[in-house]
Amino acid sequence: MTTGPAPAPRTPAGGAGLAALITAPDTALIALDYDGTLSPIVSRPADAMPAPGAVEALRALAARVGTCAIITGRPVDALLELTGLANGNGERAGLENLTVLGQYGLQRWDGATGATTSPEPLPGIATVRSQLPEVLRDAPPGVTVEDKTQALVIHVRRAANPDAALGALAPALRRLAEENGLEAAPGKRVLELRPPNHDKGRALRELVEERTARSVLVAGDDLGDLPAFDAVDELRGLGIAGLTVCSDGPEVPAALRERADLVVDGPLGVVTLLNLLAARIG
Ligand SMILES: O=P(O)(O)OC[C@H]1O[C@H](O[C@H]2O[C@H](CO)[C@@H](O)[C@H](O)[C@H]2O)[C@H](O)[C@@H](O)[C@@H]1O
């Protein structure tokens, strides 16, 4: 078990959040992003394995706090496959307090039951899927589409000039999303065309309410995590203690880094933090 000095949030509110998590773990909710937080950013989404020790740290915490959640843009099935969580019924032992909220809260998997809920895709998704080849006809080599059934992600990381590729494609992609009732949400070297009104802030608020959590930790690394940081601010106003954590790295938006109560060094820093928390909770 990792030992060491307690992490030191740089804000009093973050310090209060950390203290509440450790002193009353039964009512704590720990919410973690996947890509860039539990897993290093890589060029192909299918290759994004968990950081060394991430799954073990997650299991250790899930056994010690009231609620442990992965709130991710990934589909639930992709997340479970990448992490190896829940490969077969027996392996769910100890994951009773773990929930995965996939596709920004559209989908859900619970370790207690092993069941997944997933809505039908919006009709606009099929239209966008059929029109994307034409919109991407002149895209440079390396631009790819990740089809998540409920959302479509345009990846430019493998283009020779990712920023230029995204800049050139974004207006047409935004138009396509708008015409079909979808939202175009930016992320690290991606533009995601997804259903509106579902974000990590909503997902977090609903889970906190359902679990009657009294303290929350949110860790993330990208623009899609900012609504969850906003939710932590709102929850503090309701008397629920909170700690926001930035998993830092070269592509982390300044808006997220500057707002975080605690900044750690990428997924390995997150793993160390989770292990320290587990050791402190005991
Ligand atoms: O909420 P998250 O768990 O962070 O998921 C957000 C998106 O992450 C994935 O894309 C990002 O990670 C890829 C693998 O490291 C990387 O190649 C890509 O450039 C990143 O933007 C994922 O592919 C998306 O579906 C998620 O929505």
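This tour moves through the model one selection at a time, from the domains to the sheet, the cores and the ligand.

The model is predicted; local features are reported only at pLDDT of at least 70 and side-chain atom pairs only at pLDDT 80 or more, whereas totals for chains, interfaces and linings use all residues. Residue numbers start from 1 along each chain as its sequence is written.

**The two domains**

Select residues 12-119 together with 198-281, which form domain 1, and then residues 130-194, which form domain 2. These bounds come from an automatic or database domain assignment. The C-alpha centres of the two domains lie 26 Å apart. Across the boundary, 13 residues of domain 1 are in contact with 13 residues of domain 2, contact being defined by C-beta atoms, placed from the backbone, within 7 Å. The side of domain 1 that touches domain 2 comprises six nonpolar, five polar and two charged residues. In this classification Ala, Val, Leu, Ile, Met, Phe, Trp, Tyr, Cys and Pro are nonpolar, Asp, Glu, Lys and Arg are charged, and the others, Gly among them, are polar.

Next, display the strands, which are DSSP runs of E with at least two residues; helices are runs of H or I with at least four, and both are numbered from the N terminus. An open sheet of eight strands runs in the order β5-β4-β3-β2-β1-β10-β11-β12, with mixed pairing. Its edge strands, β5 (116-117) and β12 (262-264), each pair on one side only. Two strands count as paired if DSSP finds at least two bridges between them.

Select β2 (residues 67-71). Four bridges join β2 to β3 (residues 98-102) in parallel, and I71 has L101 of β3 as its bridge partner. β2 also pairs in the parallel sense with β1 (residues 28-32), over four bridges; there L32 stands opposite I70.

**The cores and helix α6**

The largest nonpolar core has 64 residues, and I30, A31, L61, V216, V218 and V245 have the most contacts inside it. Such a core is a set of buried Ala, Val, Leu, Ile, Met, Phe, Trp, Tyr and Cys residues joined through C-beta atoms within 7 Å. Apart from it lies another core of 17 residues, among them A139, L166, L173 and L193.

Now select E209 in helix α6 (residues 200-211). E209 counts as exposed because it has 12 C-beta neighbours inside 10 Å.

Move to β6 (residues 144-147), which is joined to β7 by four bridges and runs antiparallel to it. T144 stands opposite H155 in β7. The two strands form a hairpin with four residues between them, and T149 in the turn has a positive phi of about 70 degrees.

**The ligand**

Finally, select the ligand and the 24 residues around it, of which Y34, D35, P45, T72 and G73 come nearest. A residue belongs to these surroundings if its C-beta atom, placed from the backbone, lies within 6 Å. The shell divides into seven nonpolar, seven polar and ten charged residues.

Key
Contact = placed C-beta atoms within 7 Å. Buried ≥ 20, exposed ≤ 12 C-beta atoms within 10 Å, placed from the backbone.
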